[in-house]
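Hi everyone, thanks for coming. Let me walk you through a structure that may be new to you; please have a look at it first.

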Amino acid sequence: MALLEVRDLKTHFHTDDGVVRAVDGVSFSVEKGKTLAIVGESGSGKSVTCLSVMGLNPKRGTDVSGEALFNGRDLLKLSGEELRNIRGAEMSMIFQDPMTSLNPVHTIGRQLREAVHVHEKVPKQQAQARALEMLKAVGIPRAETRTDDYPHQFSGGMRQRVMIAMALINNPDLLIADEPTTALDVTTQAQIISLMSRLQRDFGSAIILITHDLGVVAETADEVMVMYAGRAVEQAPYKGLFYQPHHPYTWGLMDSMPNLAGDETDLTPIPGTPPSLLRPPKGCKFNPRCRFVMDVCRETEPELKPVPGDANHLERCHLEEAVKQAEIERITTERLGAVS
Amino acid sequence: MIRYIIRRLLWAVVLFVAVTAVTYSLFFIVPADPAKIMAGKSAGPEEVERVRKALGLDQPIYVQYKDFLQRLVVDHSLGTSYANRQDVNDIVSAAAPVTASLVFGGMILWLLIAFPIGVYSALRPRSKIDRTAMVGVLIGISAHPVWIALLLAYFVGYRWGLTPIQGYCEVFSPPPGSSSTCPGFSLWQWAYHLILPWITISVLYAAFYVRMIRSNTMDTLNEDYVRTARAKGVREFNVLRSHVLRNAMLPVVTMLGMDLALALGGAIFTEFVFGLPGLGQEAVQSIRRFDYPTTVGLTVFATIVVIVFNLLVDILYAYIDPRIRLS
């Protein structure tokens with residue numbers, strides 16, 4: 001049985017302008033010790049999906065429905081106190097911007113110890129020892145001398161390491177990483193990603209990695225879910241997604257990814273902007289930006305269904321399989337240099 | 001940290017010289033002749049000249065300013081009042097405790113009001129309490145202290161007879177030669193006479209502080225590190241105490257230091273309505289009498305208070321915010 005099994009998750013925000021369907025019927029599962037990558041543009045509902053699972057969305061004006069079975073309990077039905085006991089202990093989360101995610105007025109030692117003390121009654125020395133051990137594990141140089149330092153005395157990459165140390169200090173089963181490398185420079189990004197992979201092996205945690213960087217997905221993911229406008233448009237094991245990408249939006253993402261292998265292909269951005277979630281377009285939500293749009297796309301939204309011959313590979317598109325295969329052929333030959 | 005304090009102290013000296021120089025020269029631009037006033041209406045021209053010479057008013061301004069600074073720094077003296085030959089130091093030290101009682105007592109009251117309401121409003125925006133508080137803030141900011149003071153004095157003091165309307169009572173013994181009408185000298189009488197002034201001064205400041213604390217707390221609630229604390233599973237009460245309020249109160253400390261210093265310089269309206277012999281009263285009186293030494297003396301004192309409070313706030317701020325202390 002999967003560690004986390006999310007079924008038909010819907011998160012709707014009631015605003016003065018109307019209902020924002022930030023997440024609108026998303027289902028996925030994460031196996032023990034595996035990595036699920038959630039990919040999509042800003043505003044596609046990736047973060048809200050994870051915040052809903054963590055119970056960290058604002059309570060006021062927010063409707064969350066569906067199921068999120070985690071170690072057999074439905075997170076969406078738990079009381080605030082029960083959920084609080086799970087947060088930080090059995091599942092934890094790290095965020096996009098390490099510069100603002102640590103409290104500026106407390107030492108990092110205190111913030112790490114707090115993460116221990118919230119869930120366990122242990123003496124301060126023991127919490128301190130755990131904090132130190134974790135800081136070493138995430139590769140903070142001279143960790144002994146740094147627990148009394150404040151966040152502003154660390155660089156961005158070091159702060160993200162501190163965040164990871166804090167998230168893993170209680171040895172959680174699930175780590176949710178919300179664009180953990182977006183705010184970092186490229187070399188630091190690579191270090192953080194390899195650090196997360198190593199810690200995943202050592203600690204055996206499952207990871208949900210939210211990203212818009214397909215390169216990171218290729219390096220780390222076992223499963224991939226591509227989200228667009230609050231819905232999954234393609235879900236597949238990582239190999240299936242990269243070698244048989246079936247949705248025009250996924251193609252768009254791949255076309256806008258730099259290719260290190262061959263420089264003769266240009267970057268092709270996806271035209272337009274993500275739709276308003278207040279008033280999404282009729283039919284397929286991607287139709288205004290899709291190069292392959294047909295009349296039916298403007299009328300009815302396609303179902304999420306398996307691609308022919310692969311029950312684990314789901315996608316949401318009206319296009320004929322033959323049309324798709326031609327495009328898959330083009331993309332894989334042009335782009336795979338970047339991911340393999 | 002030490003270097004930070006030294007830098008601040010040097011700044012304070014510069015500020016002090018600048019403010020006193022400006023104040024001192026301002027009074028000599030006013031077209032009134034203090035020597036004439038001092039000598040009296042019946043004095044002849046020679047009499048006036050003698051007074052002028054005796055007071056050193058025949059010297060150029062910069063010499064007078066130099067003498068003034070010298071007196072201040074060497075003898076710690078602010079000079080003698082033109083009006084009644086009283087030592088200005090005595091005038092200031094009699095008036096300062098009155099104003100301090102008013103302002104510090106008022107501060108405690110306005111913080112007691114503003115803190116819980118501000119925080120609660122931030123946690124429950126658009127709730128009934130929040131909306132009521134925001135209307136109250138608008139009224140508090142708009143209402144003039146004199147109007148509030150008069151209303152309080154009329155209803156609470158006069159119509160219902162619950163509190164005194166006028167006057168100030170020391171906590172300990174009466175000052176020598178004072179024509180005090182106090183029925184007794186005790187903490188109780190002191191507070192009893194200050195209740196209405198405290199409420200008056202609190203209304204405006206409480207309104208400002210409710211608004212400020214509310215918006216600071218709301219901003220801090222949206223900070224990423226608050227989400228991090230929740231993601232760690234920290235109890236909501238501790239999130240508020242240890243992560244939200246600690247950060248939200250940083251700007252409040254700065255404001256408090258400045259407001260206190262300004263209010264100490266003269267809570268004139270409140271002192272005026274309730275007949276409190278504080279710094280504001282003395283200042284108004286001395287200006288009316290062209291009593292320059294007293295006016296300048298009170299200004300110097302107010303300047304020192306502002307500078308000292310700014311310094312204290314800076315040091316306190318550095319103490320509570322590691323980003324300043326360690327950079």
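Let's start with open space: the largest pocket holds about 1,600 Å³. A quick word on terms: on a 1 Å grid over the protein atoms alone, a pocket is an open set of points where a 1.4 Å probe fits, with protein on both sides within 12 Å along at least five of seven lines, and lining residues have an atom within 4 Å of a point. The volume is the space filled by probe spheres set on the points, which are joined across faces, edges and corners.

Please keep in mind that this is a predicted model, where local features need pLDDT of at least 70 and side-chain atom pairs count only at pLDDT 80 or more, while totals for chains, interfaces and linings use all residues. Residues are numbered from 1 along each chain as its sequence is written, chains are lettered from A and ligands numbered from 1 in the order in which they are written, and side-chain values use heavy atoms, without hydrogens or water.

Which residues lie nearest the centre of the largest pocket? They are N57(A), P58(A), K59(A), R60(A) and R230(B), out of 42 lining residues. The top contributor is α2(A), with four residues.

Now over to chain B, which has 14 helices and zero strands. Its C-alpha trace spans about 85 × 55 × 35 Å along the principal axes. Of its 327 residues, 44% are buried, meaning under 20% relative accessible area with a 1.4 Å probe and protein chains only; exposed means over 50%. Within α9(B), the buried residues include Y225(B) and V226(B). Just after that helix, G233(B) has a positive phi of about 90°.

Finally, back to chain A and helix α11, residues 321–335. Its buried residues are K324(A), E327(A), I328(A), I331(A), T332(A) and R335(A). On the face turned away sit the exposed residues A322(A), A326(A), E329(A) and T333(A).

Conventions. Helix = DSSP H or I, 4+ residues; strand = E, 2+ residues; numbered from the N terminus. Expected span 1.5 Å × (residues − 1).
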